[in-house]
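Please open the model in your viewer and keep the selection panel at hand. The stops below go from pocket to metal site.

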Amino acid sequence: AKEAGRNTYQIYSRAVHRDLTEKLELMKRLRHAVEQEKLVVYYQPKIDLNSRRIIGAEALVRWVEDDGKVIGPDQFIPIAEDTGLIIPISDFVMRQATEQLKQWHDLGYDDLTMAINISGKQLHTPDLIDKVLDTVHQARIGPQFIELELTEQVFIENIQSHRHFMHAIREHGIALAIDDFGVGYSSLSYLKNFPVTSLKIDRSFVQDLPGDNDDATITQTIINLAKNLEIDIVAEGIETEQQVDFLMERECFVGQGFLFSRPIPAEQFTQLLQKYQGL
Ligand code: C2E
Ligand code: CA
Ligand code: CA
Ligand code: CA
């Protein structure tokens, strides 16, 4: 029994050691990637479901390795948050996204908006408001074209500093969306306390529409909620025309999803703009 115990321990500790080593290795590579600007911002269009025109873009960061392999944010944002690397990463994303938006405006697509994801951890950096405002100002973009997307978790925490951040952001005319709406433990009262301008219905509710009755009910309820509160509504993860029909019948007129486009590099996004809205 003693022998077995020791073996279990050794196996366990080896596994922990391996995890730690992998984590450290990933951290080191990520730090290099940030320093050497190996990060790239992709953009996914936000679509007016009626006209099928592109009304905005969401900035989604990618890590491109030397062999060209593209790593998604789910693989490195959590570790970036734990190590503080999230700060240079999000500075980079904000700068790229605002400069890109300026270029699109200059090309004549001057109604386009840009959504930027902000993680909960970032909200704990004290100078975030100044950083956002500086970046927008530097890019010479009107703040009304910028939207910050915060996940529901941040709203549920309902911390004074978060409320302060959101009110300051809104006072400067920047829009504020709740991302992944409906997946958290909803204490809906935060909708009253925070100056939210839009809700994004999480893709997990959209993916099984229109067939799944529960998801249909939840989606309908979220749309009604937004309507009653006079908040804009956006559906994420639209992959089929049936989903578009379902959403439009219920008066959700803005969406994103692979049906329209995956997140793509800026040059490709420019081509999409030329194809679908001319100029
Ligand atoms: P998110 O903000 O909810 O972004 C939407 C995710 O859904 C994106 O994954 C996008 O590629 C994916 N998606 C969009 N349409 C569809 C669809 O029709 N079907 C399916 N199956 N998926 C779809 P991505 O790019 O891997 O990003 C994952 C998450 O990483 C984001 O979720 C966001 O929370 C985070 N993230 C991305 N970029 C940044 C960033 O610059 N800063 C921070 N803090 N977080 C970021
Ligand atoms: Ca988002
Ligand atoms: Ca989302
Ligand atoms: Ca379901």
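Select strand E2 (53-64), helix H2 (77-83), helix H3 (86-106), strand E4 (113-118), strand E5 (146-151), helix H5 (152-157), E6 and helix H8 (203-206), each of which supplies at least two residues of the lining of the largest pocket; helices (H or I, at least four residues) and strands (E, at least two) are DSSP runs, numbered from the N terminus. This is a predicted model, in which local features need pLDDT of at least 70 and side-chain atom pairs count only at pLDDT 80 or more, while totals for chains, interfaces and linings use all residues. Residues are numbered from 1 along each chain as its sequence is written, chains are lettered from A and ligands numbered from 1 in the order in which they are written, and side-chain values use heavy atoms, with hydrogens and water left out.

Next, show Leu60, Pro73, Asp74, Asn117 and Asp179, which lie nearest the centre of the largest pocket among its 45 lining residues.

Now display the calcium ion (ligand 2), 4.1 Å from the calcium ion (ligand 3), with aspartate 179 coordinating both. Aspartate 179 sits in strand E6 (residues 175-181) and glutamate 236 in the loop between strand E8 (232-235) and helix H10 (241-249), 57 residues apart. Finally, colour by accessibility: aspartate 179 and glutamate 236 are both buried, meaning under 20% relative accessible area (1.4 Å probe, protein chains only).

Key. Donors = N, O, S within 2.8 Å, 3.2 Å for Na, K, Ca; no water. Buried < 20%, exposed > 50% of the residue type's maximum accessible area, 1.4 Å probe, protein only. 1 Å grid on protein atoms, 1.4 Å probe; cavity = no way out; pocket = protein on both sides within 12 Å on 5 of 7 lines; lining within 4 Å.
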